[in-house]
Amino acid sequence: MLGHLLPRHLEIIHEINRRFIQKVRISHPGDEDLVQRVSLVDDGPDPQIRMPYLSIIGSHAVNGVAALHTKLLKDTVFRDFYKLFPERFFNKTNGITPRLWLMQANPELAELISSRIGHDWEKNLEELRGLEPFQEDKTFRKEWRELKQLKKQQLIRWLEKKNGYFLNPDSMFDVQIKRIHEYKRQHLNALQVITQYLRIKNGQTDGMAPRTVIFGGKAAPGYYLAKLIIRFLNGIADTINADPDMDGLLRVVFLPDYNVKLGEQVYPASDLSEQISTAGKEASGTGNMKFAMNGALTIGTLDGANVEIRELVGSENFFLFGKTVEEITALKQSGYRPSDVVAALPELQEALRLIEMGHFSNGDGELFRPLLDNLTGNDPFYVMADYADYLRAQEAVSHAWSDRMHWNRMSLLNTARTGFFSSDRSISEYCNNIWAVDPLNVEITCDVR
């Protein structure tokens with residue numbers, strides 16, 4: 001196709017490859033396996049041009065967007081190129097702008113912060129560290145909690161107007177909003193919601209935190225299974241919200257047509273941030289940063305920027321679960337069988353049986369069959385493997401929620417320690433270490449005629 005549409009470009013790529021391969025043979029004489037692995041041209045049964053390799057050869061810098069992402073690029077995806085050009089590889093953890101995601105989306109929190117530490121943090125987000133001494137200030141923690149309640153009330157009013165939802169502001173707002181994709185594992189969250197539903201039905205409510213579980217996101221038009229997951233989430237919501245046994249304990253909401261403006265409403269109102277992707281699959285994530293900056297606690301795997309969030313906010317202020325990249329790799333190599341996991345977990349069996357019976361699809365037992373077959377067959381994103389540990393972490397979340405003053409302290413520290421994730425820092429690192437550009441001072445004049 002490339003040769004048909006852009007024949008001259010293809011000739012140039014072949015010439016670039018010839019010169020590059022010549023250099024590789026000079027630096028690594030006799031290593032033809034390396035030559036084949038790094039060649040821009042794959043002459044196999046399905047000939048391809050390896051465009052990522054071309055971009056590495058043509059660049060002076062290659063970076064991942066989180067520490068784990070960069071490590072995976074060096075160790076796996078571009079291992080050979082890292083050995084050839086170690087000086088080209090950098091990490092540049094990405095960031096978010098506090099002007100939008102704190103000052104505009106949550107002006108009340110911005111004002112509360114400034115009332116204690118001044119306004120310097122607006123230009124240097126690391127100044128948020130100045131909030132840490134207030135973690136023992138009962139008055140400030142009370143104000144912190146009241147402000148979170150205000151943002152929840154604002155979201156509730158917005159949802160009532162837009163969608164007719166009536167939610168309990170005293171419940172934990174447990175939120176997962178992001179693109180719908182199997183590796184982000186909205187269906188893992190859905191399974192634990194079904195398990196909580198079954199526990200309530202069976203009277204096992206001791207220590208259970210009242211929750212409003214909020215999902216949001218869009219699926220690619222051609223991504224069948226992702227669209228089926230959206231249907232699945234809505235089916236669960238319809239069933240749970242119609243059951244009087246769930247009143248005061250569990251509600252499920254799917255936010256349609258999710259967009260940035262809605263995100264500005266949701267992030268400040270969230271208590272718990274669901275960052276549960278399969279370890280090694282998320283490059284970085286920025287939603288995790290938006291939640292943490294607005295004082296939500298994270299339940300998550302060691303994936304993407306979750307790793308750095310946990311290091312910065314403190315492991316005691318982060319609900320960790322799930323297998324690591326290395327453990328996932330070991331599972332894959334050992335011949336992972338999700339059916340063995342299911343056989344050992346009665347609660348998981350019961351949740352899957354309800355889905356199979358059509359309990360969340362108006363009696364249609366076949367609607368979610370592709371999803372069930374995916375989970376119990378090859379389970380490519382190890383949902384079954386992390387299910388039990390995810391439930392354990394969710395129980396730890398409920399326990400932490402029972403001490404609201406302590407929860408508020410954890411929330412405060414999440415905000416105070418997320419200054420590193422400012423896009424100002426990220427862009428500055430690109431300027432200094434990759435782009436080699438200097439700031440330009442601009443004089444601003446105002447004509448008031």
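1. Helices H9 and H20 are roughly perpendicular to each other, a label used for angles of 65 to 115 degrees (under 35 is roughly parallel, over 145 roughly antiparallel, and the rest oblique). Their axes cross at roughly 85 degrees and come within 10 Å. H9 covers residues 138-163 and H20 covers 404-416. Axes here are lines fitted to C-alpha atoms, for helices over the stretch in contact, with angles from 0 to 180 degrees between N-to-C directions. Helices (H or I, at least four residues) and strands (E, at least two) are DSSP runs, numbered from the N terminus.

2. A word on the basis: this is a predicted model, where local features need pLDDT of at least 70 and side-chain atom pairs count only at pLDDT 80 or more, while totals for chains, interfaces and linings use all residues. Residues are numbered from 1 along each chain as its sequence is written, and side-chain values use heavy atoms, with hydrogens and water left out.

3. On the H9 side, the contact (heavy atoms within 4.5 Å) includes Phe 140, Trp 144 and Gln 149, and on the H20 side Met 405, Asn 408 and Leu 412 are among the residues involved. By class, this contact has 4 nonpolar, 4 polar and 5 charged residues. Here Ala, Val, Leu, Ile, Met, Phe, Trp, Tyr, Cys and Pro count as nonpolar, Asp, Glu, Lys and Arg as charged, and the others, Gly among them, as polar.

4. The other pair is H17 (residues 346-357) and H19 (residues 383-401), whose axes come within 11 Å and cross at roughly 115 degrees. These two helices are therefore roughly perpendicular as well. H17 contributes Glu 347, Leu 348 and Leu 352, and H19 contributes Met 384, Tyr 387 and Leu 391. The contact divides into 5 nonpolar, no polar and 1 charged residue.

5. Asp 247 sits in the loop between helix H11 (224-241) and strand E7 (250-255). Asp 247 is partly exposed, at 47% relative accessible area (buried is under 20%, exposed over 50%, partly exposed in between; 1.4 Å probe, protein chains only). Its side chain makes a polar contact with the side chain of Arg 251 at 2.5 Å. A polar contact is a pair of N or O atoms within 3.5 Å; within protein, one must be able to donate a hydrogen and the other to accept it, and residues adjacent in sequence count only if both atoms are side-chain atoms.

6. Asn 94 belongs to the loop between strand E4 (89-91) and helix H7 (98-104). The side chains of Asn 94 and Ser 284 form a polar contact at 2.8 Å.
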